[in-house]
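Please read the points below with the structure open beside you, taking them one at a time.

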Amino acid sequence: MSFEYDDRGSSSDAFAGALRDAINAKDVTLSWLQQQLKRRGNRVSIATLSYWRSGARRPEGVQSLAALADIEELLGLAEGDLSRQLPSTKRTGPLGPAQFPIDQEDIEQAVKDAYAALGAAYPDTSREVTTHSVTDVDAHGNVSYCITRSVLQATSGTMTSTPFLELTPGLRTPAPIFEAVSGGRISHRYSHVSEEVHGVLFELDAPLTAPDTAMVEWSVAYPPDYPPTRETGHGVARQCRELLVWVRFHPDALPDWCEERVSTPAGVTVTPVSPNGGGSVHLVHRAFGPGAVELLWGYGPREAAGDQPG
């Protein structure tokens, strides 16, 4: 399934009509619906809900589709009652070759070892259509928690699982704590002997046949003995339509400097960035990959590349 939606048409009318009918049947207001979504962590504006109800717009992207799943539950509908009304095209779109997102042969070999240990083919036959990665930074300025939500697409055959890995090139770490949030369960865990690659096998709720998609969500927490870490990011082996890396800083640990580091087959670019007024930084890249997007930050004068403050 592709998330390229037609601008007009009967399918749009079907979605808007189904949403209006469900709202009327539940006898609730858009304001009520917006507040319930906010409590669940989905910040959708009343204006957006109004556009969806009228058919002027429809949900696109991982955040909107996650909100739609909550709307179905809030309105007492069965799973998929609204989402299946969304028009779509049955094609994968341009894929391009799969390529390891960072240029380090030893880490790629460790990743291959991880895939083999987890019983997964390398390279993976899936791709991330849209991915939002959100990292929280604690009061000491270090990474404390990361949650990632992705629209995952099968590119060939039928897939039942996919690995999710954490890479720390050049830094030995204990295994972080992976948890399946939605869309599947964790069936196996693995740590490479180098202690620079840790991961899990994420079993999907249902088999996924190309070119269909599924929404998955997983989190990573870091144990007390994990090294202080002041960088985070996300890498993709195939081109994705949208990659968002959002880093939220504790109010007592706003950084003195931040840098975006983008690694692609063409090379590495580093760009200074600044936290917004709310104390966070978000990096958005469309039609991105293969490659990796990372944010680095620190306190005091900028340190030499590769240094990690303790």
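1. Helix H5 (residues 105–118) lies across S3, S5 and S6 and runs at about 140 degrees to S3. Helices (H or I, at least four residues) and strands (E, at least two) are DSSP runs numbered from the N terminus, while axes are lines fitted to C-alpha atoms, for helices over the stretch in contact (heavy atoms within 4.5 Å), and angles run from 0 to 180 degrees between N-to-C directions.

2. This is a predicted model, in which local features need pLDDT of at least 70 and side-chain atom pairs count only at pLDDT 80 or more, whereas totals for chains, interfaces and linings use all residues. Residues are numbered from 1 along each chain as its sequence is written, and side-chain values use heavy atoms, with hydrogens and water left out.

3. Three strands form an open sheet in the order S3-S6-S5, with antiparallel pairing, where two strands pair if DSSP finds at least two bridges between them. Strand S3 (158–167) and strand S5 (184–191) are the edge strands, each pairing on one side only, and the twist averages 25 degrees from one strand to the next.

4. Strand S6 (residues 197–209) pairs with S5 in the antiparallel sense over seven bridges, and His 188 stands opposite Leu 201 in S6.

5. Arg 127, which lies in strand S1 (residues 126–137), is buried, with a relative accessible area of 3%; buried means under 20%, exposed over 50% and partly exposed in between, with a 1.4 Å probe and protein chains only. The backbone oxygen of Gln 239 lies 3.5 Å from a polar atom of the side chain of Arg 127.

Note on methods: A polar contact is a pair of N or O atoms within 3.5 Å; within protein, one must be able to donate a hydrogen and the other to accept it, and residues adjacent in sequence count only if both atoms are side-chain atoms.
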